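Open the model in your viewer and keep the selection tool at hand. Each stop below says what to select and what is there.

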Amino acid sequence: MAYAYLFKYIIIGDTGVGKSCLLLQFTDKRFQPVHDLTIGVEFGARMITIDGKQIKLQIWDTAGQEAFRSITRSYYRGAAGALLVYDITRRDTFNHLTTWLEDARQHSNSNMVIMLIGNKSDLESRREVKKEEGEAFAREHGLVFMETSAKTAANVEEAFINTAKEIYEKIQEGVFDINNEANGIKIGPQHSAAGGASGAGGAGAGGAAGGGCC
Amino acid sequence: MDFLKSGLKTVLGAPEPGQTPSAGETVERLVERVEHSTLLEDRRDACRALKAMSRKYRVEVGAQGMNTLKQVLELDRADNETINYALDTLSNIMSPSQFEEEEDNPNVPMNIGEQFTEMFIKDHNNIQLVLDLLDEYDFRVRLSAVQLLTSLLTNRPKDIQEIILVKPMGVSKMMDLLSDTREVIRNETLLLLIKLTKGNANIQKIVAFENAFDRLFEIVSSEGYSEGGIIVEDCLLLMLNLLKNNSSNIHFFKEGSYIQKMLPMFDATDDGEELGWSPQKVSNVHCMLQIVRTLVSPSNSAQLLASCQKIMKYAGLLDALCSILMASGVPADILTETINTVGEAVRGDVTNQDFLGNVMAPSNPPRPAIVVLLMSMVNEKQPFSLRCAVLYCFQCYLYRNEAGQASLVQTLLPSSGDATALTSGQLLCGGLFSSDALSNWFSAAALMHALADNPTQKEQLLRVLLASNIGSSPQSLLQLCTQLLQHSTKMQVKVSQLLDALSNWFSAAALMHALADNPTQKEQLLRVLLASNIGSSPQSLLQLCTQLLQHSTKMQVKVALLMLLSQWMSHCPAAVSAFLKVPGGVGYLVNQTCSNDHDDNEYLLQGLSAFLLSICIHFNDDSVENYSKDSLKQLLLKRIGMETFTAKLSEVTKHESYNKAAKHPQLRVKSPAEIMIDYEFCRLFKSLESVITQSLAVKQENGVADSGSDRGSPAGDSLLQYKTLIRQQDARLHELTAQLDALLQRNQQLQSALNDATASNSHLKDENTLLKAQVSAVNSLPNQSQQVPREDVKVKEHEARIQELTAEVSRLGQELVTSREAHKMAADELEKLRKDQDDLLELLADQDAKLNEYKMRLMSLGQAVEEAPSDQNLT
């Protein structure tokens with residue numbers, strides 16, 4: 001339960017590129033082949049370890065459909081990391097990246113770490129976007145790039161963890177203001193969490209004092 | 001008024017003597033001034049004046065000044081005071097409530113605030129303007145903007161929610177205000193957010209994303225948790241809004257370790273016990289309990305629910321709740337809600353159920369908390385809602401808890417030695433046979449939950465023997481239950497007006513639960529015979545129910561009995577035929593279904609009757625002659641009609657109490673009078689409704705087809721008939737062909753035999769002719785005496801030969817006769833042959849006669865004695 005840091009992520013990109021599947025693979029380690037349209041935003045969470053520190057990831061998976069665009073914009077500001085996803089078998093989803101990036105840059109805080117993800121790498125035979133194109137786009141816009149497959153789980157862990165590493169480094173460099181929660185980063189309750197968990201009975205008041213502030 | 005007038009004077013200058021301007025004119029001049037003045041001070045003063053007038057003359061100010069005020073918001077942002085006046089004015093004219101000043105003004109319509117809101121939000125930019133003003137740090141401006149948004153949301157919640165949702169940073173800006181150090185703004189923002197988040201999942205998620213739970217817990221803890229003021233309640237209400245029916249947010253709440261943070265809220269070890277709870281504390285704790293219940297509501301997804309329950313146990317929240325349960329001085333409604341909450345927190349989770357089972361009440365001697373709770377359930381002095389809550393909690397405790405069910409039944413079994421300790425089983429039995437109708441019902445329901453989905457315990461319970469009266473022989477629990485039922489029914493029949501109809505409802509409901517999904521019990525119950533009046537012949541329970549149904553005047557009793565009968569007769573053809581045999585049963589149902597009373601409850605009754613009627617049809621095994629499946633169907637079609645019937649059937653689901661009961665396993669009624677439909681019945685109805693309508697519809701189609709065959713169209717039935725007919729005929733045809741073959745063969749045999757006979761016949765004829773010739777030759781030489789002996793020898797030879805032939809002929813004749821008799825089929829040929837044969841026979845007879853003659857002659861001729869016959873023959 002105790003964690004050193006908490007990062008908020010969002011996953012963005014065109015509809016049907018596999019955002020929800022990436023999240024499901026990361027949190028539940030399973031793949032759901034049926035496309036179940038995301039309505040608005042869905043939430044998922046998982047604990048990871050970086051540099052020996054427990055880091056809690058809270059991930060908001062947004063709806064890709066245009067109709068939800070205005071709703072999903074509300075989530076940019078409070079996120080520390082974003083996974084921008086396209087589908088390597090659909091050229092148009094790659095072409096829309098610029099729009100997504102503009103949107104993200106406009107509404108998010110300037111330090112947000114953006115990871116570019118070309119999903120569905122298992123469908124090599126139907127590939128429409130070359131890996132080099134993705135790499136070039138990422139280089140041009142200063143993003144981290146990775147090709148993943150939510151189906152085979154290839155690179156899925158890495159995508160989320162590398163983003164977290166990037167954020168962690170930025171914290172170490174002092175780029176992020178960790179006391180401003182609007183950045184999507186929280187410092188964990190550290191030692192007070194232990195007191196809160198064990199202090200179920202008589203020590204209830206003590207646990208309250210410890211767990212109250214964070 | 002004087003102040004107002006003097007204010008106006010300073011703005012407008014002194015009015016012309018002898019003429020007071022009307023409100024409309026004044027507003028017009030003020031609006032003009034706001035619009036056209038070049039000096040900021042002038043505009044500010046005019047705004048102030050408009051604000052002052054807006055409470056009394058909001059129609060005028062709103063109608064003329066709306067656009068101008070919007071313009072001020074846009075252009076005069078630099079001057080906080082002017083902005084503040086403009087916002088307040090807008091707030092006033094769109095206020096959802098009526099002002100004191102305008103109470104005596106008949107020109108102000110009731111929903112004037114809403115109308116102006118509608119005008120204001122037509123241009124979405126106006127909302128953006130107000131949202132932008134939230135960024136203004138100035139206290140007055142910020143506060144006014146928040147208040148204005150709150151009034152707008154009160155008037156048109158859905159529209160404003162949608163507009164704010166699409167404004168980038170709209171929600172985020174409001175969330176920022178929650179961290180405002182000025183408490184007034186923070187508190188007003190809370191009210192705004194409560195309105196904003198109501199019923200809009202997307203906004204709820206954004207608000208949660210913006211760290212709302214952190215902010216709210218900070219406020220709650222700084223205000224002193226449950227001891228805090230109304231602001232704590234507001235925070236909790238907002239949390240409740242964010243979590244209610246929003247699984248994404250519940251997931252987030254759970255993952256964010258916020259459940260652990262709730263623990264201090266339920267700190268029961270405070271010193272306020274003696275003082276009693278303040279009303280505010282009651283509200284606060286009530287809200288907290290609501291939040292807990294939202295997290296573990298049975299309607300949540302199973303996975304989410306289970307993990308929330310685990311965390312509650314792990315974090316000690318369940319422990320804290322149980323200690324509230326056992327604490328003294330807790331107000332009754334909080335206690336009730338805590339019981340419900342504890343119930344839902346343990347529902348279906350074995351670990352938590354065990355935990356609850358092991359909680360001991362601080363009484364002397366210590367008793368399990370469950371026993372203490374049950375004690376209040378069977379105590380008729382406890383409030384109705386509390387008793388319902390205990391039942392619900394008990395139900396949750398036993399839900400999917402086989403060990404718990406077993407241990408409860410164990411306390412009923414005779415072997416459980418210690419008679420002095422009060423056990424839950426004893427309590428329930430005591431309640432079951434107490435004179436209080438409600439206690440009966442609660443105990444019965446509690447026992448029912450002990451049996452739910454657990455066949456082993458059902459059998460166990462059958463073995464429970466109770467000594468109902470000291471000295472009398474022990475009776476089985478089932479017997480006692482039946483007796484009890486009989487007892488209450490009897491009383492109901494006798495003094496139906498005097499007795500509490502509730503007891504019937506409860507009994508019927510309890511019995512219904514006992515029948516749910518259990519075909520054996522249904523048939524068992526059929527055999528229950530009740531002596532309805534002492535001395536009269538025993539009647540079956542079903543008969544009694546039906547009779548009671550026909551004679552009862554009370555709604556609840558009728559509904560209860562219809563539910564019971566439906567549960568009983570579904571999937572149980574034996575019960576159906578028993579019901580059909582009860583005189584007037586079907587007639588009553590048909591009448592009820594057809595009846596045309598316009599009343600909500602009557603509709604329900606009609607629907608239930610229709611349902612029972614369709615059960616009668618669907619589960620009918622055609623064992624009652626007058627009411628077979630088809631005849632009942634015809635009755636339904638003719639007397640009621642399919643349309644009406646389905647309409648009536650759907651009335652059940654439309655009824656309020658059905659919907660209430662179907663929503664939640666918990667019995668949610670405010671007063672005993674509201675008890676109508678039971679959750680278990682809703683399940684039955686849901687599962688059967690479509691099946692029954694479908695089967696009726698299919699039957700109806702069949703009926704159409706039958707009548708169609710009369711008109712000559714092919715029908716399955718008659719086709720089948722023809723097929724069997726053809727098959728029969730086919731078989732007969734085969735049979736006959738075989739017969740024919742056999743006959744033909746036999747005929748052939750006979751024919752060949754006949755041919756043989758004919759051949760030998762003709763051979764005989766030839767020989768006969770030869771013989772005749774020889775005989776004539778003999779006759780022509782009578783004198784040749786030396787020849788006589790030779791001739792004699794010859795004659796003897798002939799004689800022997802003739803005898804031989806005679807034998808042969810007679811044999812053939814016999815053969816012919818038999819073959820003639822046997823083969824009448826071949827009559828034609830036989831007849832012809834017979835003729836020939838007859839002729840032959842005649843001939844032969846002649847010959848025979850002649851031969852005899854010859855013989856005689858030869859005998860007379862041969863010797864005196866011997867040859868005479870031959871002489872005689874020669875003459």
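The tour goes from the contact between the chains to single residues and then to ring pairs.

This is a predicted model, in which local features need pLDDT of at least 70 and side-chain atom pairs count only at pLDDT 80 or more, while totals for chains, interfaces and linings use all residues. Residues are numbered from 1 along each chain as its sequence is written, chains are lettered from A and ligands numbered from 1 in the order in which they are written, and side-chain values use heavy atoms, with hydrogens and water left out.

**Stop 1: where the chains meet**

Colour chain A and chain B separately. The size of an interface is often given as the accessible area lost when the parts come together. Here the area buried between chain B and chain A is about 2800 Å², and carbon and sulfur atoms give 52% of that. (Buried area is the accessible area, with a 1.4 Å probe, that two parts lose on being put together, summed over both.) Select Met169(B), Phe209(B) and Glu255(B): these supply 23% of the area that chain B buries against chain A, more than any other three residues. In terms of contact (heavy atoms within 4.5 Å), 29 residues of chain B and 29 residues of chain A take part.

**Stop 2: charged pairs across the contact**

How many salt bridges are there between chain B and chain A? The count is five. (A salt bridge is a side-chain nitrogen of Lys or Arg within 4 Å of a carboxyl oxygen of Asp or Glu.) For the elements on the chain B side, those that give two or more residues include helix 10 (170-177) and helix 12 (201-209). (Helices, H or I with at least four residues, and strands, E with at least two, are DSSP runs numbered from the N terminus.)

Select Glu255(B) and Lys56(A), whose side chains meet in a salt bridge at 3.5 Å, N to O.

Next, select Glu42(A) and Lys205(B), a salt bridge at 3.4 Å, N to O. Glu42(A) lies in strand 2 (residues 41-50) of chain A and Lys205(B) in helix 12 of chain B, so the pair joins two chains. Glu42(A) is partly exposed, at 33% relative accessible area, whereas Lys205(B) is buried, at 7%. (Buried means under 20% relative accessible area, exposed over 50%, and partly exposed in between, with a 1.4 Å probe and protein chains only.)

Then select Arg77(A) and Asp176(B), which form a salt bridge at 3.1 Å, N to O. Arg77(A) is in the loop between helix 2 (69-73) and strand 4 (81-87) of chain A, and Asp176(B) is in helix 10 of chain B, so this pair joins two chains. Arg77(A) counts as buried at 17% relative accessibility, and Asp176(B) as partly exposed at 39%.

**Stop 3: a buried threonine**

Select Thr197(B), in helix 11 (residues 183-197) of chain B. Is Thr197(B) buried or exposed? With 0% relative accessibility, Thr197(B) counts as buried. The side chain of Thr197(B) makes a polar contact with that of Asn241(B) at 3.3 Å. (A polar contact is a pair of N or O atoms within 3.5 Å; within protein, one must be able to donate a hydrogen and the other to accept it, and residues adjacent in sequence count only if both atoms are side-chain atoms.) A polar atom of the Thr197(B) side chain also lies 3.4 Å from the backbone oxygen of Ile194(B).

**Stop 4: rings**

Show the aromatic side chains; the structure holds 21 aromatic pairs over all chains. Select Tyr86(A) and Phe94(A): the ring centres are 5.0 Å apart and the planes at 70°, so the pair is edge-to-face. (Rings of Phe, Tyr and Trp, its six-membered ring, pair if their centres lie within 6.5 Å; planes under 30 degrees apart count as stacked, over 60 as edge-to-face and the rest as tilted.) Both Tyr86(A) and Phe94(A) are buried.

Now go to Phe611(B) and Phe685(B), with centres 4.5 Å apart and planes at 50°, so this pair is tilted. Phe611(B) lies in helix 35 (residues 600-618) and Phe685(B) in helix 39 (residues 679-710) of chain B, so the pair ties together parts that are 74 residues apart in sequence.

Finish with a cluster linked by ring pairs; Phe43(A), Trp60(A), Phe209(B) and Phe213(B) are among its members.
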